[in-house]
Structure formats: C-alpha cells, structure tokens
Amino acid sequence: MASFSPPTNFTATSSLLSNHRNPIFITTLTHSNNSSYLLLSPLNSSLLTQAVITAVEPSPSPEHGNGSVTAVAPTTTTCPQVNAFEDPKWVAGTWDLTQFHNNGTTDWDSLIDAEARRRKWLEDNPESSSNDNPVVFDTSIIPWWAWMKRFHLPEAEQLNGRAAMIGFFMAYFVDSLTGVGLVDQMNNFLCKTLLFAAVAGVLLIRKNEDVETLKKLWEETTFYDKQWQATWQDQNSNTLQQD
Amino acid sequence: MRIFSPSNIAVDFGKTLKSNEFIAMLRREVLDSFLRSRAASAGATVIPALVTAIDLPPSPTAPYTIHYTLQNTYRRSLAVDVVIGADGANSRVAKSIGAGDYTCAIAFQERIKLPDEKMAYYENLAEMYVGNDVSPDFYGWVFPKCDHVAVGTGTVRSKQDIKLYQKGIRDRVHHKIKGGKLIKVEAHPIPEHPRPLRVRGRVALVGDAAGYVTKCSGEGIYFAAKSGRVCGNAVVKASEGGYKMIDECDLRREYLKIWDKEYVNTFRFLDLLQRVFYGSNAAREALVELCGDEYVQRMTFESYLYKKLAKGRVFDDAKMVMNTIGSLVKCNILGRKMEGLIL
C-alpha cells in the first residue's frame, strides 16, 4: 500500500510545484504508461525537486499564505499545469475509446483500470474544475456485462460455493442427528428459518470485518431517530417538574 | 446547478426545472429585514436589543422574565407568558431552559467579488463540489449572490481543518475565481440534529435553536420559517386568541406533534442519503452519476421545492433503486481498485 502524506504536507508540496516545472516528474509519468501499477510516487519525485527548488530560489512566493484573511486575491499563482492528470488515452475530457481496442473490440477492463487510476490521481492531486477543459466522461458507456463478468461473477462463485458447502454439511449433520432427510427438512419451519439465516449470513458477512460493519451500521441507522425522539422521552420526567 | 464529483465529472442538476421553478440563493440580510418589517406591520412590537438572560417562573402561572440590553447600555426586563426561542444555533433561550446540546457542523464561507466576465458564468448557475479535499462529510459550494459569489465549505467531524477544506474548494474553482477580490469571511455553526428538549414549560424553540436542519443539504431556512409559523399558530390556538394561559402539553400537542408528523420523515430520508452518499469518494462519485438521471432530478426538485417527499410512479421508483444500487456497486468497485493502486 502506498504511503500517503496527510493533506497538509501535500498541499504545501503542490503549491511549491505550481510555480516550477518538474521535468523529473513528467518523464516518470510517460515512462510508466505501460506498467500499470508501479508509477513513481509524485511525492518522491517532488521531494527531489524540492531540494533543487530551494537551492535555486530562496523562498516560495508570498502569495502562498493559505489561511490569510487579508489576502487581496484568493491566489495569484500560475495554473498548476504540472499536477494535472495527463494520459495519452485521456483526450478532451474523456477516454478515447479507439485507443482501448483489443482485437477489434473495446477492452473494457483496461478502461475500468484507467478510470480507477485517474480517480486515484485526482484524489491525491485535486484539480481545479475548468470551463475550458471540462470532464465529459460518462461511466455509463461501460456496458453492464463488462462489470458483471469481471467483478460480480467471481464473487458470486465464491459465495455460492460457501452456501453449497454450508448447506451440504448442515443437511448431513441434521440428518445424522435427527434422522430427518433432506426433503422432510425442507418441509419443517425451523429448518426453513435456519436456511434463510444461513443464506443471509453468507450474503452479508463476506469478510471478517463485516460483522463489526453491520453492527455499526445498525447503530448509525437508529441513532438519528433517537435524537429526534429525545424530546418525547423526557415527557414523563418533565410533567413531574412543571414550572 | 452543477455538481462536480471528486474527479471533476460534472452533471447539470436542474434540467427538469419548469420556468417558474428555481433554486433560490438567499441573501440573509435582505430576508431578515423583510421578516422583521412584516412582523411589525402585522402588529408586533420590535425591540432591537440583546437578550442576556431569561428567568424561569417560580410557579406555573407566574410570568417569565426576559432581561435585555438596549443600545449596549440600558438594561431592562420584560415579563411575558410565552417565549418562543428563535435565536439560532447558539440560542440563549435554549441554554436558559436547559434544552441540552447538539453536535454542530461548521459552515465556512468567503464572499468573493469576481471580474465581470467571470461573474457572467455564475449569473444563473450555482455549483456544488464533493470530495475528500473539499469536505469529509459535507460539500463545498459556489453560490452566486447577485454581484459576488460565496465560496465555502463545511464539516462536522474535522472542524479544526476547516481552513484546509476552504483552500481545497478554492483550488477546485481556481480558474473560475482567479482575479477575484475577497470581501468577507463568514463562519457559522449548523446544528446536526434536534436538541434533546425542544419545549419546556411555556418556552418553545424553533428553527436553528431547535436544530431543524436537514442533513445532506444543510437546509434550515425553510424549516426555521415554517416551524416559527407552526409554533405561533399553536400558541394562538391553545390560548384561544390570547385569553387563556397555555401550558407545556398544549405546546407539545399543537406544535411538536404536528411538526414531527409532517417533517420527521423528510429529515430521516435526508439523513439516510447523507450516510450513504457522503461517506467516501466512491460514494460521492455514485451520487454524481445518479444525479445525472432525469427521474432523480425531477423527484429531488419536487421534494425540495414543495417540501414533501414526492410520490413518483412505482416502476420508475424501482428503476431508480436499481440504478442506485448499480451505481454504488460500480463506484465502490472502482474505489477498491483505487485503494490497491500506488500512484
């Protein structure tokens, strides 16, 4: 997992970068287009250039006072072009589908990967929205079956496998303890309830952390309601101390 | 209105607005003075003063005593039968009746005067930005205010980082506000939920003092005005035009019960929306994707403009639910891929 600096450091770095071209950074990006996941962190490259920058220019320009209320203009730095998301397949605010061809059909998997990379990049380096280069990409161009084939089916296979294993073992176990066969088990209300619970368990608890997540979710769901009903809770204690 | 996702995907929200419908941008200074003068012309006595304390009555029929300061020097008192506290998030009335505390969000806003050609872009357009850089649990905005724009953001859980988020929203609109001049900085607490006690004795709280602010959109103006009206009507009805003494049960029955029945579902629904869609960048991307759908826009505006959860056709509702689930799943898949990336 990457180590991401907290926002404070990051914005400081980006504001330093905004005034100065970062040649190391750009070449890193173009070289790494072919290797999907091992892009050099811009933080590392910027730290290198930071050393260079501080040697060349003694101090960052004064308009980087971030929280200053008395600043006349919100910011007068030049547009931070260097930090913008750049990719040869990202053309005019959307992904160029002709560059995602794979034997004549569009390679949706690499498009999904590219979009994930773009969002990750923008999450770490938020970019100004611009009227000249608006983002017009619409995720609905990716067909539903591309998502299904890549993400839903493997997980469905895993969950169905778990359900089948649990079902087989529990049916055998109940049969060996009570002598009730599978068909008779399905006619029994208690067994049907247990079956429902087992299916719900398999669907809801997919990872170990899901148990905690579900508990927290339940608390959160009812919390707001409790805050609204608070004024009615005190009704009994209040009528005793009428003033 | 245009909504921008964390990756700057933008949707135009408002395609379904009819010509007589619009998203109102409010100038409080104008609205407040209008309301005051309207009250005065309806027969109210307006006393410009600062309320300093309220004494609770020693017996059920004794009056409340309001201590106030005129023109920063003269201290006076006023004996009244009923007090309606409409004094906002830091309500003194609420403190004096021990109404309890609530968690607040902080909303921070800077008013910036733009050069004319940049202001022309905002003549009929408000913008909303979502993203972790702008706020971890709320949104950032650029709202036009007649001749300048208000650029701001808010948060509940990271109030000490509000300046950072303000820089974040300014960076997101960097190109559009370049060359603008900062004319004012404002910040204000926004209640997140109602106070534990909204009525006590013959004192009722309305508006922000009671905590009637929806989650998700942070809207409080309408509910403040409406709760004031409902409460006023309750007092008039219970006291039969001012001739009978009212008590706490009257206020609860005529004001709280009616108010809760009418609006608690709206509040609950918006709380659900906030929890689902403002939780992470992936969820925010899903929100922006969904807002592009025309049915969603129509339902949203009908509910927002007429303050009733709009009833649509069941088939379209079902389609919307499926689209919601689909968008959330797709964006969470992308979110999980993003977590595994080292960029």
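I took accessible areas from the Shrake-Rupley method with a 1.4 Å probe; for residues, only the protein chains shown count as cover. On that basis I found about 15,600 Å² of accessible surface for chain A, with 63% of it on carbon and sulfur atoms.

I noted that this is a predicted model, in which local features need pLDDT of at least 70, side-chain atom pairs count only at pLDDT 80 or more, and totals for chains, interfaces and linings use all residues. Residues are numbered from 1 along each chain as its sequence is written, chains are lettered from A and ligands numbered from 1 in the order in which they are written, and side-chain values use heavy atoms, without hydrogens and water.

**Chain A.** I listed nine helices and four strands, taking helices (H or I, at least four residues) and strands (E, at least two) as DSSP runs numbered from the N terminus. Their order from the N terminus is α-α-α-β-β-β-β-α-α-α-α-α-α. Of the 243 residues, 30% are buried (under 20% relative accessible area, 1.4 Å probe, protein chains only).

**Strand β10 of chain B.** I looked up residues 148-155 and found eight of eight buried. B:His148, B:Ala150, B:Gly152 and B:Gly154 point one way, and B:Val149, B:Val151, B:Thr153 and B:Thr155 the other. In a regular strand, side chains alternate between the two faces of the sheet.

**Its partners.** I counted strands as paired where DSSP finds at least two bridges. Strand β7(B) (residues 104-113) runs antiparallel to β10(B) over seven bridges, with B:Gln109 opposite B:Gly152. Strand β9(B) (residues 140-145) is also antiparallel to β10(B), over five bridges, and B:Phe143 stands opposite B:Ala150. In the hairpin of β9(B) and β10(B), two residues lie between the strands, and B:Cys146 has a positive phi near 70 degrees.

How values were computed
Buried < 20%, exposed > 50% of the residue type's maximum accessible area, 1.4 Å probe, protein only.
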